[in-house]
Amino acid sequence: MTRPLIALPQRFSPDTAVLRYAAVVTARALAEAVYRAGGEPLMLLPHAPGGRADEAEAAARLARCDALLLPGGGDFAPHHYAGAEAAVHAAVYDVDEEQDAFDLALTRAALASPLPVLAVCRGLQAVNIALGGTLRQDMGGPGRAHRHLVHPVATRPGSRVSGVLGTDKAEVSCHHHQCVDAPGRGLTVTARAADGTPEALELPGRRAWFTAVQWHPEDTAATDPAQQALFTALVEAAR
């Protein structure tokens, strides 16, 4: 059976030991989760010279794909969601204008198409920004951040994420110090951590399959069927 092509944007990396040069990279756990689910991960090179991306070009690149997986990564520059004059919190890290522009163009193109979309961590934030939402630049310091943390989330009964996970409560692996502040147009919060942090978003008005999670399901997907189910659902929708 032919594997559906799952578009997976790569991330810029200043260096890698094996290549000796600046690189574009993909989290192996993400690619393997897609492959286990029956999909073929198609790595997309981020391309937005000078921090400018063409949404039409992004749509053309997605046209050969069957679904989009928006991965995690560093922070978005705050001007994308808080205006050109926004102050930048000291905790904001790994900002790359080319990466930002590419991810947002790709996200807008995908949401305007019938492609199934799964968004993970920064991917969820890309969706929120693309739809006019805002982020909290920092959740309140190390004691409030969800970094290197496995914690429970409560999902909304009847939501897509609850149905895919097969439970209204799940243990999830997180690595984020930012979170959704105001949800974007049409987005609904469908999971929260115990401290109230939004942990999943859905678009009830979108006909195509869509789920966005703030956690990293790939961290535990190899051993947790509930987390692997997110990738399986994406690939099945792509078929």
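Predicted model: local features only at pLDDT ≥ 70, side-chain atom pairs only at ≥ 80, totals over all residues.
Residues are numbered from 1 along each chain as its sequence is written, and side-chain values use heavy atoms, with hydrogens and water left out. Local features need pLDDT of at least 70 and side-chain atom pairs count only at pLDDT 80 or more, whereas totals for chains, interfaces and linings use all residues.

**Helix packing**

Helices (DSSP runs of H or I, at least four residues) and strands (E, at least two) are numbered from the N terminus. Axes are lines fitted to C-alpha atoms, for helices over the stretch in contact, and angles run from 0 to 180 degrees between N-to-C directions.

Helix α1 (residues 28-36) packs on helix α7 (residues 225-238) at an angle of about 60°, and their axes lie 8 Å apart. The two helices are therefore oblique to each other, a class that holds whatever is not under 35 degrees (roughly parallel), over 145 (roughly antiparallel) or 65 to 115 (roughly perpendicular). In contact (heavy atoms within 4.5 Å) are Leu-30, Ala-33, Val-34 and Arg-36 of α1 with Gln-228, Phe-231 and Val-235 of α7. This contact has 5 nonpolar, 1 polar and 1 charged residues; Ala, Val, Leu, Ile, Met, Phe, Trp, Tyr, Cys and Pro count as nonpolar, Asp, Glu, Lys and Arg as charged, and the others, Gly among them, as polar.

Helix α2 (residues 55-62) and α4 cross at roughly 65°, their axes coming within 8 Å. From α2, Glu-55, Ala-58, Ala-59, Arg-61 and Leu-62 take part, and from α4, Phe-102, Ala-105, Leu-106, Arg-108, Ala-109 and Ala-110. Their classes are 8 nonpolar, no polar and 3 charged.

**Pocket and cavities**

On a 1 Å grid over the protein atoms alone, a cavity is a set of points where a 1.4 Å probe fits but cannot get out; a pocket is an open set with protein on both sides within 12 Å along at least five of seven lines, and lining residues have an atom within 4 Å of a point. A volume is the space filled by probe spheres set on the points.

| Space | Volume | Lining by class |
|---|---|---|
| Largest pocket | about 500 Å³ | 9 nonpolar, 7 polar, 7 charged |
| Largest cavity | about 80 Å³ | 2 nonpolar, 7 polar, 3 charged |
| Second largest cavity | about 40 Å³ | 3 nonpolar, 1 polar, 3 charged |

Of the 23 residues lining the largest pocket, Arg-11, Phe-12, Gly-72, Gly-73 and Gly-74 lie nearest its centre. The lining of the largest cavity includes Gly-73, Gly-74, His-175, His-176 and His-177. In the second largest cavity, α2 gives the largest share of the lining, 3 residues.
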